[in-house]
Amino acid sequence: MPKIKTNRAAAKRFKKTGSGRYTFSKSHHSHILTSKTRKRKRSLKKMQLVKKSDMREIRLLLPNG
């Protein structure tokens with residue numbers, strides 16, 4: 001049986017935590033920051049946890065990670 005391949009696009013976007021959950025970074029924090037409020041930019045910096053309803057899909061994309 002062949003090895004299962006990891007989805008490389010997902011591997012660049014999601015990191016596994018010590019407890020087995022996955023974190024990701026929010027979008028829209030790379031340019032046109034002058035029109036965004038301080039509060040919004042601060043919130044975009046933070047890593048987010050993947051919701052439990054989406055965990056199955058992420059596990060299928062990242063079988064080895």
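1. The place to start is H28, which sits in the loop between β2 and α2. The model is a predicted one, and that should be kept in mind for each point below. H28 is exposed, its relative accessible area being 56%. Its backbone deserves a look: phi is positive, about 70°, although H28 is not a glycine.

2. With a relative accessibility of 56%, I32 counts as exposed, because the cut-off for exposed is over 50%.

3. S35 belongs to the loop that runs between β2 (22-25) and α2 (38-45). Its side chain reaches back to the backbone oxygen of I32, at 3.5 Å. That distance deserves a caution, because a polar contact is counted within 3.5 Å. S35 itself counts as exposed, at 57% relative accessibility.

4. K36 is placed in the loop between β2 and α2. Is this lysine buried or exposed, and what does it have for a partner? K36 is buried and has no salt bridge. The nearest side chain of opposite charge is that of D54, 22 Å away. What the side chain of K36 does reach is the backbone oxygen of H28, at 2.8 Å.

5. The surroundings of K36 can be listed. Leaving out residues up to four places away in sequence, K36 touches H28, H31, K41 and L44.

6. L44 takes the account into helix α2. At 9% relative accessibility L44 counts as buried, the cut-off being under 20%. Residues up to four places away in sequence aside, L44 touches K26, S27, H28, H29 and K36. For a view of distance, take G18: it is 26 residues from L44 in sequence, and the two C-alpha atoms are 22 Å apart in space.

7. T23 counts as buried, with 14% relative accessibility. Its contacts, apart from neighbours within four places in sequence, are R13, F14, K15, T17, M47, Q48 and L49.

8. On the fold in general, the chain has three helices and three strands. Their order along the sequence is α-β-β-α-β-α. The radius of gyration is 15 Å, well over the 11 Å that the globule rule gives for 65 residues, so the chain is more spread out than a compact globule. The C-alpha trace spans about 55 × 20 × 20 Å along its principal axes.

9. Some totals for the chain complete the note. Of its 65 residues, 17% count as buried. The accessible surface comes to about 5800 Å², with 54% of it belonging to carbon and sulfur atoms. Among contacts between residues at least 6 apart in sequence, 57% join residues at least 24 apart.

Notes
Residues numbered from 1 in each chain as written. Predicted model: local features only at pLDDT ≥ 70, side-chain atom pairs only at ≥ 80, totals over all residues. Heavy atoms only, no water. Helix = DSSP H or I, 4+ residues; strand = E, 2+ residues; numbered from the N terminus. Buried < 20%, exposed > 50% of the residue type's maximum accessible area, 1.4 Å probe, protein only. Polar contact = N/O pair within 3.5 Å; in protein donor to acceptor, adjacent residues only side chain to side chain. Lys, Arg positive; Asp, Glu negative; His and termini not counted. Salt bridge = Lys/Arg side-chain N within 4 Å of Asp/Glu carboxyl O. Contact = heavy atoms within 4.5 Å. Rg over C-alpha atoms; globule rule 2.2 N^0.38 Å. Areas by Shrake-Rupley, 256 points an atom, 1.4 Å probe, with all protein chains shown as cover.
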